[in-house]
Amino acid sequence: MAAALRVLVDMDGVVADFEGAVLRGFSARFPAEPRVELAARSGFSVREQYRGLRQDLAAKVASVYESPGFFLGLDPIPGALEALREMIRMQDTEVFICTSPLRNYEHCILEKYKWVEKHLGPEFVERIILTRDKTIVSADLLFDDKDTITGAEPNPSWEHILFTCCHNRHIQLQAPRRRLLSWADDWKGILESKRRR
């Protein structure tokens, strides 16, 4: 019997709408300040892009996503919950949510767990991998919106599937790298292609 396909799915930007919540929170808290609309987002770090607008805006935008209730209040990405629920029921498939906490993690970690329990239930709480270094986690696939993932392991075991988000949609991937445009895209085909290898 073949080993199960192990799939890692990032949380923020892939399952939970971090970017939309940052923009809404920043606009509400700092309505007179310049902001970066989703269509103008580029680069993984929202903090650095706001710093580029004006130095003090970096701390202001960070105060939004570091505030209590931010992570718990994120909206699900369209189709993500349904895809994960279907994926976990697939034969010979192991699914884990692999997410990195903020460096200022006071609220983030607990709220990520609560979010998963609220939206996906206790079965998925048992499947959370919380790490600052995803390269050391063994798997076949990683769906993540971060375009470049580095860490202690220079050759991770997983294939990185770039999940399209506002900050990475402009990036042109070089073959053999692959992208998932949304959860309406053919994620099952990506899993099946990995099984055949």
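This is a predicted model: local features need pLDDT of at least 70, side-chain atom pairs count only at pLDDT 80 or more; totals for chains, interfaces and linings use all residues.
**Entry 1**

In which loop does Asp92 lie? I looked it up and found Asp92 in the loop between helix H4 (80-89) and strand S2. Asp92 is not a glycine, yet its phi is positive, about 55 degrees.

Residues are numbered from 1 along each chain as its sequence is written, and side-chain values use heavy atoms, with hydrogens and water left out.

My helices (H or I, at least four residues) and strands (E, at least two) are DSSP runs, numbered from the N terminus.

**Entry 2: the sheet**

I traced an open sheet of six strands in the order S3-S2-S1-S4-S5-S6, with parallel pairing. Two strands pair if DSSP finds at least two bridges between them. Strands S3 (128-130) and S6 (178-180) stand at the edges with a single partner strand each, so one side of each has no neighbour in the sheet. On average, neighbouring strands are turned by 30 degrees against each other, direction ignored.

Next I looked at one pair. S2 (residues 93-99) and S3 run parallel and are joined by three bridges. Here I found Ile97 opposite Ile128 in S3. Helix H5 (residues 108-120) packs on the sheet and touches S2 and S3; contact means heavy atoms within 4.5 Å. The direction of H5 makes about 165 degrees with that of S3.

**Entry 3: H2 against H3**

For the angles I noted that axes are lines fitted to C-alpha atoms, for helices over the stretch in contact, and that angles run from 0 to 180 degrees between N-to-C directions. The axes of H2 (residues 46-53) and H3 (residues 57-65) come within 7 Å and cross at roughly 145 degrees. I checked the residues in this contact: among them are Val46, Tyr50 and Leu53 of H2, and Leu57, Val61 and Tyr65 of H3. The contact has nine nonpolar, no polar and two charged residues. In this count Ala, Val, Leu, Ile, Met, Phe, Trp, Tyr, Cys and Pro are nonpolar, Asp, Glu, Lys and Arg are charged, and the others, Gly among them, are polar.

**Entry 4: H1 against H3**

How far apart are the axes of H1 and H3? I read 9 Å, with H1 (residues 18-29) and H3 packing at an angle of about 115 degrees. The two helices are therefore roughly perpendicular; angles under 35 degrees count as roughly parallel, over 145 as roughly antiparallel, 65 to 115 as roughly perpendicular and the rest as oblique. Residues of H1 including Phe18, Val22 and Phe26 take part in the contact, as do Leu57, Val61 and Val64 in H3.

**Entry 5: H4 against H7**

I found H4 and H7 (residues 187-195) packed at about 30 degrees, their axes 11 Å apart. That makes H4 roughly parallel to H7. Ala83, Glu86 and Met87 of H4 make the contact with Trp187, Lys188 and Leu191 of H7.

**Entry 6: two last details**

I counted 16 salt bridges in the structure, each a side-chain nitrogen of Lys or Arg within 4 Å of a carboxyl oxygen of Asp or Glu. One of them joins Lys112 and Asp12 at 2.5 Å, N to O. Lys112 sits in H5 and Asp12 in the loop between strand S1 (5-9) and H1, 100 residues apart.

Finally, I spotted a cis peptide bond between Ala175 and Pro176, with omega about 15 degrees. Pro176 lies in the loop between strand S5 (159-163) and S6.
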